[in-house]
Amino acid sequence: MADVVRKKRKGGANWNAWTMAWLKRRGWTPWRTEQWNPFAGPINPKTGKPIGVRSDLFGFIDALAQKANPLGASSLISTQSCAGAGGDGAKHVTKILGCEHFPVWSMHTPVYVFAWRKLASGRLAPRISRVQASGTLLIPEDDWDRRFGERMPLPKKPKKPKPEPDGGLWAIAG
């Protein structure tokens, strides 16, 4: 048999980090409330130790974000982040509506689902839905920008530095 070289599997995308960066660019101050608990969850039969679980605040909030308005008051929103493909956003809305804490929480703080998808241009963009006890309201990204602040470009990956032709910082002057 030939030796098979397997590539190391990459972890899943961190949609919550994308949402928090998106909110930061629009002037919000986000705070992650989703936590990893390695001591909870089902027991691994091989090791006899817990596998671990990811816990959200009240079972449905990944992050809270705060922004001061010109009048001095503060706005607070809660977010749930996910992939936009395969109806994942709709599944998260159903999950939120099924949480026992949602009706009371949503009376005081709006809840938004950010379902991330890749556009034809290659840019990642969120599909934003406001979840309410009476139903879900889809908010276009441009409408969000008009209401809450301007859009800023996504950060680009840093380019690798080119070697300096004279040998760089440590070249000996001759």
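A: This is a predicted model. pLDDT is the predictor's confidence in each residue, from 0 to 100. Over the protein chain it averages 77, and 67% of the residues score at least 70.

Q: Which elements have the lowest and the highest mean pLDDT?
A: Helix 4, residues 141–148, has the lowest, at 59. Strand 1, residues 29–32, has the highest, at 92.

Q: How many helices and strands does the protein chain have, and in what order do they run?
A: There are four helices and eight strands. From the N terminus, the order is α-β-β-β-β-β-α-α-β-β-β-α.

Q: How much of the protein chain is buried?
A: A residue is buried when its relative accessible area is under 20%. Here 32% of the 174 residues count as buried. The accessible surface comes to about 12,700 Å². Carbon and sulfur atoms account for 59% of that surface.

Q: How do I read a helix for its buried side?
A: Start with the general idea. An α-helix has 3.6 residues a turn, so residues three or four places apart point the same way. Now take helix 2, residues 88–98.

Q: Which residues of helix 2 are buried?
A: They are Gly89, His92, Val93 and Ile96. Seen down the axis of helix 2, these buried residues fall within an arc of 105°, so they line one face. The face turned away from them carries the exposed residues Ala90, Lys91, Thr94 and Gly98.

Q: What about helix 1? Which of its residues are buried?
A: Helix 1 spans residues 15–25, and its buried residues are Asn16, Thr19, Met20, Trp22, Leu23 and Arg25. Gly27 follows helix 1 and has a positive phi, near 90°.

Q: How do I read strand pairing?
A: Look at the direction of each pair, then at the bridges. Strand 4 and strand 5 are antiparallel, with six bridges. Gln66 has Leu76 in strand 5 as its bridge partner.

Q: In which sense do strand 5 and strand 6 pair?
A: They pair in the parallel sense, over six bridges. Ser78 stands opposite Val111 in strand 6.

Q: And how many bridges join strand 6 to strand 7?
A: Eight bridges join them, and the two strands run antiparallel. Strand 6 covers residues 111–118, and strand 7 covers residues 124–132. Phe114 stands opposite Ile128 in strand 7. The hairpin of these strands has five residues between them, and Gly122 there takes a positive phi near 95°.

Q: Is strand 5 mostly covered or mostly open?
A: Mostly covered: seven of its ten residues are buried. Gln80 lies in strand 5, residues 74–83.

Q: Why does Gln80 count as buried?
A: Its relative accessible area is 2%, and the cut-off for buried is under 20%.

Q: What does Gln80 touch?
A: Skip its neighbours within four places in sequence. Gln80 is then in contact with several residues, including Asp56, Phe60, His92, Ile96 and Phe114. The side chains of Gln80 and His92 are also joined by a polar contact of 3.2 Å. His92 is one of the buried residues of helix 2.

Q: Where is Phe58 found?
A: It is in the loop between strand 3 and strand 4. Phe58 is partly exposed, with a relative accessible area of 36%.

Q: Which residues does Trp36 touch?
A: Not counting residues up to four places away in sequence, it touches Ile51, Gly52, Val53 and Arg54. At 45% relative accessibility, Trp36 counts as partly exposed.

Q: Where does Arg54 lie, and what is it in contact with?
A: Arg54 lies in strand 3, residues 53–55. Leaving aside neighbours within four places in sequence, Arg54 is in contact with Glu34, Gln35 and Trp36. Arg54 counts as partly exposed, at 48% relative accessibility.

Conventions: Residues are numbered from 1 along each chain as its sequence is written. This is a predicted model: local features need pLDDT of at least 70, side-chain atom pairs count only at pLDDT 80 or more; totals for chains, interfaces and linings use all residues. Side-chain values use heavy atoms; hydrogens and water are left out. Buried means under 20% relative accessible area, exposed over 50%, partly exposed in between (1.4 Å probe, protein chains only). Contact means heavy atoms within 4.5 Å. The arc is that of the directions from the helix axis to the C-beta atoms. Two strands pair if DSSP finds at least two bridges between them. A polar contact is a pair of N or O atoms within 3.5 Å; within protein, one must be able to donate a hydrogen and the other to accept it, and residues adjacent in sequence count only if both atoms are side-chain atoms. Accessible areas come from the Shrake-Rupley method with a 1.4 Å probe; for residues, only the protein chains shown count as cover.
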